[in-house]
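Let's take a walk through this protein together. Have a look at the sequence and the fold, then read on.

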Amino acid sequence: MDPIRNPYAPGAGQRPPELAGRDRELAQFDVVVERVARGRPERSLVLTGLRGVGKTVLLNAMRSQAIARLWGTGKIEAKPEQSIRRPVGAALHMAIREVAQRHRDPARIAAFFSVLKAFLLRDPAASVGKPGHRWQPGIDGPAARGRADSGDIEIDVTELFLDAAAVAADLGVGVALFVDEMQDVWGEDLSAICAACHELSQQAAPLIVVGAGLPHLPSLLSSCKSYSERLFHYLRIDRLDRAAADRALTAPADREDVAFAPAALDVLYEAADGYPYFVQAYGKVSWDAAPESPITADDVKVAAPQAESELAVGFFGSRYERATPAEREYMRAMASLGDGPVPTAEVADTLSRKPSSLSPARDSLIKKGLVYSAERGTVAFTVPHFGHFLRSQPI
């Protein structure tokens with residue numbers, strides 16, 4: 001098989017050649033976009049799921065849908081301990097620039113950018129640097145006064161979102177802000193996003209937020225604002241069913257006049273377990289290992305160790321290396337108890353420790369995005385098959 005023609009793409013956030021099994025989510029986003037554009041009140045969206053299920057890919061696909069509708073779009077990737085003020089400002093700068101060329105009133109656009117500049121200049125990091133040197137956003141013109149510049153992130157984000165929505169409304173379109181790794185947004189900033197979305201919804205303003213994050217994101221949002229469960233459409237992104245996983249493999253192969261034997265698809269589904277990232281990883285090595293079409297079960301079995309080795313280094317190992325010795329001990333204890341959510345009390349029993357003494361390790365693992373609290377008193381891995389990986393490693 002020609003490796004140059006290999007269609008499979010196992011990469012972080014990289015769109016697979018066939019986006020299988022996500023038609024329902026894409027259709028729901030289409031409905032939201034159309035309702036917002038028609039001035040009807042609608043909720044923003046939140047995608048949740050484990051790592052490797054394709055949340056970022058789906059986020060990018062939805063952004064493409066919004067761009068096709070001539071919406072203004074911007075995207076950020078949240079980072080722990082970072083204020084959202086500058087990344088959100090940059091994303092909305094991009095979004096309004098996308099629609100500005102179609103707007104008939106340059107003064108209206110200039111007025112928004114002056115508000116945006118004022119918003120950005122309230123970034124706590126703006127004054128950090130050499131004495132007498134203040135960071136300036138790359139926006140021409142003066143900063144506005146009295147709008148989105150109070151220093152209260154909740155007030156400022158709400159006012160900025162409303163002003164961006166007003167510009168889009170002039171054109172009969174909307175603005176979509178995409179937030180990846182949303183669970184890493186600071187609590188105060190996450191609360192501000194919720195408050196802004198609440199106000200946007202009440203005013204039927206054409207701006208939506210589409211967030212993606214780990215499974216505990218809904219509980220984080222709920223802890224910020226009690227009404228958050230009614231503020232967003234929550235879409236749980238899970239592994240692919242058998243039909244979708246098969247289509248993710250066979251559709252790209254068909255376009256290259258290559259086939260899979262039915263038994264090969266059986267072995268591939270068992271190995272990848274329906275997780276999109278794994279489907280691409282095993283599909284890629286199986287293609288390279290096969291001498292000819294059709295790709296057989298034996299070809300998959302020969303190639304599987306290579307995929308497992310690559311996943312052990314790039315998908316599992318890179319995350320394991322980020323953990324401290326105490327955190328690794330905690331995760332190995334979790335793995336010894338199984339692959340699903342496990343009670344924190346049982347982890348403590350396994351380590352012969354008091355639960356309180358393990359709280360620092362657990363909290364640090366949550367901050368690093370390696371585990372999450374599925375429900376009160378339990379923890380689970382954010383990475384599928386991570387428990388199996390840990391059990392296979394020498395202590």
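## Pockets, cavities and a sheet

The lining of the second largest pocket is made up of 7 nonpolar, 4 polar and 3 charged residues. Those classes work like this: Ala, Val, Leu, Ile, Met, Phe, Trp, Tyr, Cys and Pro are nonpolar, Asp, Glu, Lys and Arg are charged, and the others, Gly among them, are polar. A pocket is an open set of points on a 1 Å grid over the protein atoms alone, with protein on both sides within 12 Å along at least five of seven lines; a cavity is a set of points where a 1.4 Å probe fits but cannot get out; lining residues have an atom within 4 Å of a point.

Before going further, know that this is a predicted model, where local features need pLDDT of at least 70, side-chain atom pairs count only at pLDDT 80 or more, and totals for chains, interfaces and linings use all residues. Residues are numbered from 1 along each chain as its sequence is written, and side-chain values use heavy atoms, with hydrogens and water left out.

Back to that second largest pocket: it holds about 300 Å³ of space. Of its 14 lining residues, Gln183, Asp184, Val185, Leu220 and Lys367 are the closest to its centre. Helices H6, H7 (217–224) and H14 (359–367) each give two or more residues to this lining, and H7 has the largest share, with 3 residues. Helices (H or I, at least four residues) and strands (E, at least two) are DSSP runs, numbered from the N terminus.

Here are the spaces side by side. Each volume is the space filled by probe spheres set on the grid points, which are joined across faces, edges and corners.

| Space | Volume | Lining classes |
|---|---|---|
| Largest pocket | about 600 Å³ | 14 nonpolar, 8 polar, 8 charged |
| Largest cavity | about 80 Å³ | 9 nonpolar, 2 polar, 3 charged |
| Second largest cavity | about 40 Å³ | 6 nonpolar, 2 polar, 2 charged |

The largest pocket has 30 lining residues, and Gly11, Ala12, Gly13, Gly52 and Gly54 lie nearest its centre. Helices H2 (55–68), H10 (276–289) and H11 (297–320) each supply at least two of the lining residues.

How many cavities of 30 Å³ or more are there? The count is 2. Around the largest cavity sit 14 residues, with Glu42, Leu200, Ser201, Ala205 and Leu207 nearest its centre. Helix H6 (187–203) and strand S4 each give two or more residues to that lining, and H6 gives the most, 3 residues.

Strand S4 also belongs to an open sheet of 5 strands, ordered S2-S3-S4-S1-S5 with parallel pairing. Its edge strands, S2 (72–77) and S5 (232–236), each pair on one side only. Two strands pair if DSSP finds at least two bridges between them; S1 (residues 44–48) and S4 (residues 207–213) have 4 bridges, in the parallel sense.

Is Glu154 buried, partly exposed or exposed? Glu154 counts as partly exposed because its relative accessibility is 29%; buried means under 20% relative accessible area, exposed over 50%, and partly exposed in between (1.4 Å probe, protein chains only). Leaving out residues up to four places away in sequence, Glu154 touches Ser191, Ala192, Ala195 and Lys225, where contact means heavy atoms within 4.5 Å.
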